[in-house]
Amino acid sequence: MQETPFCLRVGHLLPDSMSDSNTTVFTNPSTFILLGIPGLEVAHVWISIPFCAIYAVAVMGNFTILFIVMTEPSLHEPMYYFLCMLTVTDLLLSTATVPKTLSIFWFNSREISFSACLTQMYFIQCISVMESGILVAMALDRYVAICHPLRHSTILTNPVVAKISLAVVLRGSILVMPIPTLASQWPYCRTNIIPHTFCEGMAVVKLACADIRVNSYYALSVAFLVTGVDVFFIAVSYIQILRAIFSLPTKDSQLKAFRTSGSHICVFLVFYFSALFSTFMHRFGQNVPLHFHILMANLYLLVPPMLNPIIYGVRTKQIRDRLFWLFTHKGA
């Protein structure tokens, strides 16, 4: 029995004009068509409002953190260097998807070139792996600062921080590279329609007329390996940190030490909870509506970049004091 082309199976999700114009067979199309959120097309403009607001908060918050760290010499320390890396990855991660998503919602600009789609897919996955590595580096910094405070400046020197940062970037770049490389070699003869707001990895490779098991297994292995190894090292670091904190002689010293790590713990929980929730929804939520999957995938890329600068701005005294000084100085 001949398989119904994919474009016909998703035809009910499209406007009439789009359905008519995309029911042909494609071989390596020059462009893909992003549907946005199928089933919620009439609400695209309304959905764009919180998306735009969250993105604006993320951009302003992360640029504020960068500005404060760069202009305040007392913050030129490993902890804040890693924080700057985190803010840059947050900016890149949200900017890789939100502008295109908003153009779909506002201007019905659904087309994206084949190369741009693969590039977007690569950067989303690459930056996510980098961000996980940065969180490990931040946990290492807190471990050295609390468990070996007298050796902190000699262990985490600027050259060491630079090497750690380079390793984080290279790990993300190299591990993810095979995914779009394989995807670029396959024929796409079913359709050029992607039922998503951005070029999400599995949504793209499922359109290929080829055996995609190698890509799927590799992507899943990278996701679980990176998450598993990184969470393990973070957990070991914080077990040692908590042991060191509870061994301090006074409650005040314990509270002070815990406050220095509290913001990091919040960021870890936000990032990994969002990532795991998105992964399990994608793998095991077959009965969940498609529009809910897409909304959760977008929130995974939007919410952590918005929350991270808020968490550090509220919980980190040095950043909070500097931000307060900037506002009062400007007012004076």
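The legends below describe an overall view and several close-up views of a predicted protein model.

**Figure 1. Overall view of the predicted model, with 14 helices and 3 strands.** Residues are numbered from 1 along each chain as its sequence is written, and side-chain values use heavy atoms, with hydrogens and water left out. Because this is a predicted model, local features need pLDDT of at least 70 and side-chain atom pairs count only at pLDDT 80 or more, while totals for chains, interfaces and linings use all residues. Helices (H or I, at least four residues) and strands (E, at least two) are DSSP runs, numbered from the N terminus. Of the 332 residues, 48% count as buried, a term that stands for under 20% relative accessible area with a 1.4 Å probe, protein chains only.

**Figure 2. The open sheet of 3 strands, in the order 2-1-3 with mixed pairing.** Strand 2 (111-113) and strand 3 (193-194) stand at the edges, each with a single partner strand, so one side of each has no neighbour in the sheet. Strand 1 (residues 31-34) pairs with strand 3 in the parallel sense over 2 bridges, where pairing requires that DSSP finds at least two bridges between the strands, and Ile 33 stands opposite Ile 193 in strand 3. Helix 6 (residues 114-147) packs on this sheet and touches strand 1, strand 2 and strand 3, contact being heavy atoms within 4.5 Å. The direction of helix 6 makes about 85° with that of strand 2, as given by lines fitted to C-alpha atoms, for helices over the stretch in contact, with angles running from 0 to 180 degrees between N-to-C directions.

**Figure 3. The buried side of helix 9 (residues 178-185).** In helix 9, Ile 179, Pro 180 and Ala 183 are buried. These residues cover an arc of only 85° around the axis, taken from the directions to the C-beta atoms, which puts them on the same side of helix 9. The buried residues of helix 9 pack against helix 6, helix 8 (158-176), helix 10 (201-205) and helix 11 (213-246).

**Figure 4. The largest nonpolar core, with 54 residues.** Such a core is a set of buried Ala, Val, Leu, Ile, Met, Phe, Trp, Tyr and Cys residues joined through side-chain atoms within 4.5 Å. Leu 83, Leu 86, Leu 135, Met 138, Ile 234 and Ile 319 touch the most other members, and helix 6 gives the most to this core, with 14 residues. A second, separate core of 34 residues includes Leu 102, Ile 112, Met 202 and Met 306.

Key. Buried < 20%, exposed > 50% of the residue type's maximum accessible area, 1.4 Å probe, protein only.
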